[in-house]
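Please keep the sequence and the structure in view while reading.

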Amino acid sequence: MTGQTKRVVVAMAALALTASSLAVWADEDADLVVNGEIEMVVRTDAPAHLDGAVRTIYSGWVFRQDDTQAMQMDDFDNPGMLFAEQGQELFNTAMGANGESCASCHTNAEDLTRVRATYPKWDEAHGAVQTVEMQVQECQTESMGMAEAWGQNSQEMLNMTAYIASIGRGQVIDVAIDGPAQATWDAGKEIYYTRYGQLELSCANCHEQNYGNYIRADHLSQGQINGFPTYRLKNARLNGTHNRFRGCIRDTRGETFAIGSDEFIALELYVASRGNGLTVEGPSVRN
């Protein structure tokens, strides 16, 4: 352990001790039911492939303030649903030279109920793990005849993925990590435990070893991504998974990977699998 790493660990330990003197804002025992009818799994036994690293997995919703929790419980109060509605409009809008919309193929949007719960996933035709965003891009260029697909972090893509997630709310996350996806999952796991930046912090340092503690005024979650895309009160907009990854690495004062990079695809697969057993919440509301 380097001198800098020791200082970071000591600082995090001090912050953890401070947590006992801070007000507990979130009701960590609360249950999430959206619109009084969509029941969410916000805590459950950890999947076996975590090898005992944590015993129970928790949705990030559990660690939010009471008023933030309440916002997600009602679609009228959830600002992320405004973007999902815009995504629904895009879903029914013709794009590209073929004059087709998403609805041209997916005539019943409910057929997409399990999409968010099972991605990222191995795509046999392309011989690679694909995210939801990559699948949308493939549909745009190969089926709709668009010359250029939406950017993975564009507003249109965020709106579309918010709509797709909203269709699958309440579905249990079940991301496959075996077979040909295994190598990508292994790469993502390595990234998760690798220390980055001047602060020499890994994803695990915060989200596995210190979840439930406070750093400054932030109540650390397990970093689960079952609620993405998520509306963050901090910047008052939708945020995608890779953008959040990028922000975390930048917080370590390190050079980050690009949105849509092989590294972030691998990390998304690994982190998504850590949430197997929770339910799709997107678009969720977070700090």
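How do the residues of the lining of the largest pocket divide into nonpolar, polar and charged?

The model described here is a predicted one. In the lining of its largest pocket, 20 residues are nonpolar, 17 are polar and 11 are charged. The lining comprises 48 residues, and the volume of this pocket is about 1500 Å³.

## Where its lining comes from

The residues that lie nearest the centre of the largest pocket are D218, L220, R244, C248 and D251. Two or more lining residues are given by each of several helices, namely α1 (3–18), α8 (182–192), α9 (203–207), α10 (241–251) and α11 (262–274). The strands β8 (218–219), β9 (230–232) and β11 (284–286) likewise give two or more residues each.

Among these elements, α10 provides the largest share of the lining, with 10 residues.

## The second largest pocket

The second largest pocket holds about 210 Å³ of space. Its lining consists of 14 residues, and H106, Q135, V136, C139 and I164 are those nearest its centre. By class, 11 residues of this lining are nonpolar and three are polar, while no charged residues occur in it.

Two helices, α6 (132–143) and α7 (155–167), each contribute at least two residues to the lining of the second largest pocket. The largest share, five residues, belongs to α6.

Terms used. Residues numbered from 1 in each chain as written. Predicted model: local features only at pLDDT ≥ 70, side-chain atom pairs only at ≥ 80, totals over all residues. Heavy atoms only, no water. 1 Å grid on protein atoms, 1.4 Å probe; cavity = no way out; pocket = protein on both sides within 12 Å on 5 of 7 lines; lining within 4 Å. Points joined across faces, edges and corners; volume = space filled by probe spheres on them. Helix = DSSP H or I, 4+ residues; strand = E, 2+ residues; numbered from the N terminus. Nonpolar A, V, L, I, M, F, W, Y, C, P; charged D, E, K, R; others polar.
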